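Dear colleague,

I am passing on the structure we spoke about, and I would be glad if you could look through it alongside the notes below.

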Amino acid sequence: MGVWQLIAVGLVMLLGLVGVLVPGVPGQAIVWAAVLWWALTDRSPAAWGVLIGATALLLLNQALKPLLRPRRPQEAGAPRKTLMLGGIAGIVGFFVVPVVGGILGYIGAIYGAERLRLGSGGAARASLRSVMRATGYSVLVELFACLLVTGVWLGTVLWG
């Protein structure tokens with residue numbers, strides 16, 4: 001697989017990660033389709049292993065989705081910009097501090113944005129709890145699953 005095609009697969013995965021944050025966009029399916037595209041083109045045992053692992057993880061995520069509260073961003077009380085900022089910080093955080101950085105970036109960015117918007121730490125913590133109950137856990141679990149798939153793919157491409 002050529003460099004440009006790997007870059008295209010990575011961009012499709014990035015599009016899927018951002019799609020997780022936007023209601024109505026099938027972010028998981030886009031990330032999985034990018035892995036499928038790569039595995040069908042690469043055809044190495046590592047590529048097929050990543051595809052099988054990604055499929056299992058994303059199917060498990062889909063099975064667990066009904067156990068989480070549905071997304072209701074209007075109940076959160078926070079602006080949509082805050083939720084998008086949290087998601088983007090989660091994506092960046094995942095690659096800066098592998099694995100735990102995604103969770104820390106997501107929660108930290110929402111807290112920071114709410115602290116700036118509301119002015120006090122107590123109000124920001126209350127808003128963060130409200131955001132996490134309304135949308136946060138559902139988005140965080142889906143985003144984390146897609147980030148794990150993307151991280152394994154990137155690791156396999158770079159070191160595999």
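The notes below cover the salt bridges first, then a surface patch and one further residue.

Please keep in mind that this is a predicted model. The count of salt bridges comes to two. In one of them, lysine 65 pairs with glutamate 142, with 3.3 Å between the closest N and O atoms. Because lysine 65 sits in the loop between α3 (45-64) and α4 (73-76) while glutamate 142 belongs to helix α7, this pair ties together parts that are 77 residues apart in sequence. Lysine 65 is partly exposed, at 32% relative accessibility, whereas glutamate 142 is buried, at 6%.

The side chains of arginine 117 and glutamate 114 also meet in a salt bridge, at 2.7 Å from N to O. These two residues are three residues apart in helix α6 (residues 100-118), and are therefore separated by about one helical turn. Arginine 117 counts as partly exposed, with a relative accessibility of 42%, while glutamate 114, at 0%, counts as buried.

On the surface there is a nonpolar patch formed by Val3, Trp4, Ile7, Leu11, Leu14, Val18, Val22 and Val25, which together have about 740 Å² of accessible area. One of its members, leucine 14, lies in helix α1 (residues 3-21) and is partly exposed, with a relative accessible area of 41%.

Finally, arginine 133 is placed in helix α7 (residues 121-159) and is partly exposed at 47% relative accessibility. Its C-alpha atom is separated by 31 Å from that of valine 35, and arginine 133 and valine 35 are 98 residues apart along the chain.

Note on methods. Residues are numbered from 1 along each chain as its sequence is written. This is a predicted model: local features need pLDDT of at least 70, side-chain atom pairs count only at pLDDT 80 or more; totals for chains, interfaces and linings use all residues. Side-chain values use heavy atoms; hydrogens and water are left out. Patches are made of residues with over 30% relative accessible area and no salt bridge: like charges are joined within 9 Å, nonpolar side chains (Val, Leu, Ile, Met, Phe, Trp, Tyr) within 5 Å. Accessible areas come from the Shrake-Rupley method with a 1.4 Å probe; for residues, only the protein chains shown count as cover. A salt bridge is a side-chain nitrogen of Lys or Arg within 4 Å of a carboxyl oxygen of Asp or Glu. Helices (H or I, at least four residues) and strands (E, at least two) are DSSP runs, numbered from the N terminus. Buried means under 20% relative accessible area, exposed over 50%, partly exposed in between (1.4 Å probe, protein chains only).
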